[in-house]
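I opened this model to look up a few residues and how they are packed. My notes follow.

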Amino acid sequence: MDGTDDPFAEIEELVEQLTDFGATLSGETPVDVLDTDEAVVVHADLPGRDPDTLQVQLQDDNTLRIEATPREEESEGRYVVRERHRDAVSRDVRLPAAVDEGATEASYEAGVLTVRLGKPSESDGTDIPVN
C-alpha cells in the first residue's frame with residue numbers, strides 16, 4: 001500500500017455525500033459547490049426570494065453561511081393551495097479549501113444565489129536578486 005491511498009478519507013467523503021443527499025431530502029436549501037484552481041463557487045437554490053432578504057457570511061476561511069428571511073406577501077384573496085416555500089432558511093456550507101475573504105462576490109439571478117470565493121494566491125515567495 002502506498003502513502004497516497006487513504007481508505008479513511010474515502011469513507012469520510014462517502015459519509016459527506018450521503019449527508020448532503022439527506023439534507024436535500026430533508027428540505028434544506030440545495031447547493032452545488034465547485035472547486036476550481038482560482039476560486040470556490042457555491043450555487044444555492046433560493047427561488048422566489050427578494051435579494052434584499054438574502055444574507056451571506058463567511059464564518060471562517062472554510063464555512064459559508066447562507067440565510068434568507070421570510071418573504072412578505074400581500075394577497076387580496078384566499079389561498080386554496082400553498083405549496084411554495086416561504087419560511088426562513090439557513091444553510092452552512094463547508095468549503096473544500098481556504099478562501100480569501102477579500103476576493104468574494106455574490107449575485108442572485110433566476111432564483112439561484114451564486115457566491116464566488118477567491119482562493120488565496122500561492123506564490124513561491126519573492127525573488128531576491130543577488131548582486
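**Notebook: loop, core and surface**

I began with Ala-110, which is exposed because its relative accessible area is 79% (buried is under 20%, exposed over 50%, partly exposed in between; 1.4 Å probe, protein chains only). The model is predicted: local features need pLDDT of at least 70, side-chain atom pairs count only at pLDDT 80 or more, and totals for chains, interfaces and linings use all residues. Residues are numbered from 1 along each chain as its sequence is written, and side-chain values use heavy atoms, without hydrogens and water.

Ala-110 sits in the loop between strand E6 (104-109) and strand E7 (112-118); strands are DSSP runs (E, at least two residues), numbered from the N terminus. I read its phi as near 55°, a positive value in a residue other than glycine.

Next I looked up the largest nonpolar core, which has 15 residues (buried Ala, Val, Leu, Ile, Met, Phe, Trp, Tyr and Cys joined through side-chain atoms within 4.5 Å). Among those with the most contacts inside it are Val-42, Leu-46 and Ile-66. Strands E2 (39-45), E4 (63-68), E5 (89-94) and E7 each give two or more residues to this core.

I then listed contacts (heavy atoms within 4.5 Å). Leaving aside neighbours within four places in sequence, Leu-46 is in contact with residues including Thr-29, Leu-54, Tyr-108 and Gly-111.

Is Thr-63 buried or exposed? Thr-63 is buried, because its relative accessible area is 18%. I place Thr-63 in strand E4. Not counting residues up to four places away in sequence, Thr-63 touches Gln-57, Leu-58, Asp-92, Val-93 and Leu-95.

Methods:
Helices (H or I, at least four residues) and strands (E, at least two) are DSSP runs, numbered from the N terminus.
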